[in-house]
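Here's a quick tour for anyone opening this one for the first time. Have a look at the sequence and the fold, then read on.

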Amino acid sequence: MAKRGFGSANGQETEGRKKLSKESLQRGLQVFRFTLPYKGKFIIGLIFLLFSSLTFMGFPALTGVLLDAATGNETAFTQDLDLIALALFGVILLQGIFSFFRVYFFAQVSENSIADIRKSLYSQFMGLPITFYEQRRVGEITSRITSDVSYIQDTFSITLAELFRQVTTLVVGVGLIMYYSVKLSLFMLATFPVLVIFAMIFGKRLKKLSKKTQDELAVTNVIVEETLQAIQVVKAFTNELFEIKRYRSAIGRSVNTAITTSIYRGAFISFIIIGLFGGIILVIWYGATLVQRGDLSLGELTSFVLYTMFIGASVAGLGDLYAKIQVSMGASERILEILDMPAEQPELGLQPSAVRFNGNVRYEHVGFSYPTRPDLQVLHNIHFEIRAGEKIALVGPSGAGKSTIVQLLMKFYQVDQGSIFVDGQNINFMPLNDLRSNVGIVPQEVLLFGGTIRENIAYGRPDATEEEIWEAAQKANALQFIQSFPEAFDTIVGERGVKLSGGQRQRIAIARAILKNPAILILDEATSSLDSESEKLVQDAMDELMKDRTTIIIAHRLATIRKVDKILVIDRGQIAEEGTHDQLSGNPNGIYANLLKLQFNTVE
Ligand SMILES: Nc1ncnc2c1ncn2[C@@H]1O[C@H](COP(=O)(O)OP(=O)(O)OP(=O)(O)O)[C@@H](O)[C@H]1O
């Protein structure tokens, strides 16, 4: 039952951490185009960042001067300890103020540009064709707008500033220590490469283990996600214990890996502590000998040691920043890849279409295979015509291609062979908005959005008035049950609301379609049968909806389609028979007559 590999959103984090190549960097950096509208604020933020980094670098120097003044060393620019201490306060105060503005301006840039990225992504999601969604998991797509975007947000708000700060610290710091003592600086810098090489080897191993821990955790999350989604199945098969055991052993594995990882992490941290502080002890020791020889003052040594610590911290920080940048470059590549995909209709208008069709539909020798399964031809030479206002029914065995025929009319997919015409116009050369706003659909499985019944009906036409909604509900035979709820049209439905029955949901869908008032209607009959009273209410509502509209009914119960103008029997992607109910049932060897017999017997 478990869908292995589902919910890979967690794995994405590590997956996306590719090595930075020149091309990936160039591509990834394009995400900065979203900060362009805020470049003024970005530059101001950068200036404050520079100020705050530089003032911070004044702190060790002044501390050294304070010590030199205290020990009566002539090199101090003043011997007034109070004044130097005040200057130290001043530096820290300035640093605090600059930091405030840096955070404030960077937040403005990052929040606004991240919001812009999210808006663009969502608009793009709305505009991408159905095939995009068929080739990807929903979890994978949503992680673009959730986790990938947050990686970039981190970059805009923290990582970039940190990078800038660390580099400034490194450059200015190395310059300053050179100024204090070239000898000591060279001695200090000689200890660094050793530390860095060790840290890199350790770090790599740790990264691998962390990935393994994450993957193990992802597996446990998949179990929770799946079983909670399909809790009814778990309970129906009394597999609770089985699932508990499965979850427990997955958790056990993840704990074991996490503990092994923590040993490495602990070792890594102690290495850094011992290595780094060991290095500092060496520097202090060598520095002390220089002080003893009179080559360096005590204050200078103190400043030197403080700068060394700053430099050490920024080198250590840079590795972490590099990893973060890798992740966000990966995330930005994935986001840009989606933004650069061709949308279904580039002209996606915000205005509803004003074009009104008559409803003449013609399929001319249509052949089709789904883009996801190009080797399987689903439709062959489908050829028929419906004149405005006529009603036709598509019948045939499951998997014959009935739904595919109507999906092509909505242009969810492009036909491979032949063409489809609406009012004599090839739908390939027609604005999608015009086409789809003239086609209404009442699907088999009605999906309601979380919200009120009113909102769900108004989905057919968001600008509908209260009276129109009321009228549509009445025509759809839905008014009675809606008014039986204490909250009537304000009743919340959907996942966290009242659960409506199949027949009630269908009538909401019919009310939606009535509001939309399309020239062409597609009725996909529900396979699960309703009780006879509900069935009659739904059927009456459908009859009302079909009035004066071209209608295509995907029929599962043949009793409901006796009055249609034409029945097309679809078999293995072809029109096997065509005619009225009387014509088709008169042919005892025909598929339709046999289907009729079969259903008749089943009903009996
Ligand atoms: N999105 C899709 N991608 C790939 N193949 C598909 C897709 N949808 C349907 N198919 C395949 O196309 C064929 C026709 O399916 P279709 O849903 O049109 O049949 P149907 O007659 O409507 O069946 P039913 O009565 O069970 O709804 C089937 O073989 C099905 O597996």
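Where is the place of His 365? His 365 sits in strand β1, residues 361-368. Before going further, keep in mind that this is a predicted model, where local features need pLDDT of at least 70, side-chain atom pairs count only at pLDDT 80 or more, and totals for chains, interfaces and linings use all residues. Residues are numbered from 1 along each chain as its sequence is written. Helices (H or I, at least four residues) and strands (E, at least two) are DSSP runs, numbered from the N terminus.

**Helix α9**

- Helix α9 covers residues 240-292, which is 53 residues.
- From first C-alpha to last, α9 reaches 75 Å, close to the 78 Å expected at 1.5 Å a residue (the expected span is 1.5 Å times one less than the number of residues).
- Glu 243, Ser 254, Leu 276, Val 283 and Gly 287 are the buried residues of α9 (buried takes 20 or more other C-beta atoms within 10 Å of the residue's own, exposed 12 or fewer, and partly exposed is in between, with C-beta atoms placed from the backbone).
- Arg 253 also lies in α9, and it counts as partly exposed because it has 15 C-beta neighbours inside 10 Å.
- Arg 253 and Leu 217 are 36 residues apart in sequence, yet 8.9 Å apart in space, C-alpha to C-alpha.
- After α9 comes Gly 294, with a positive phi near 85°.

**How α9 meets α10**

- α9 packs against helix α10 (residues 298-339) at an angle of about 155°, and their axes are 10 Å apart (axes are lines fitted to C-alpha atoms, for helices over the stretch in contact, and angles run from 0 to 180 degrees between N-to-C directions).
- So α9 is roughly antiparallel to α10 (angles over 145 degrees count as roughly antiparallel, under 35 as roughly parallel, 65 to 115 as roughly perpendicular and the rest as oblique).
- Residues making the contact include Ile 272, Leu 276 and Ile 280 of α9, and Leu 298, Leu 301 and Phe 304 of α10 (contact puts C-beta atoms, placed from the backbone, within 7 Å).

- Most residues other than glycine have a negative phi.
- His 365 isn't a glycine, but its phi is positive, about 45°.
- His 365 is exposed, with 12 other C-beta atoms within 10 Å.
- Arg 572 also has a positive phi, near 45°, and is found in the loop between β11 (566-571) and β12 (574-579).
- Arg 572 is partly exposed, with 14 other C-beta atoms within 10 Å.

Definitions and conventions: Two residues are in contact if their C-beta atoms, placed from the backbone, lie within 7 Å.
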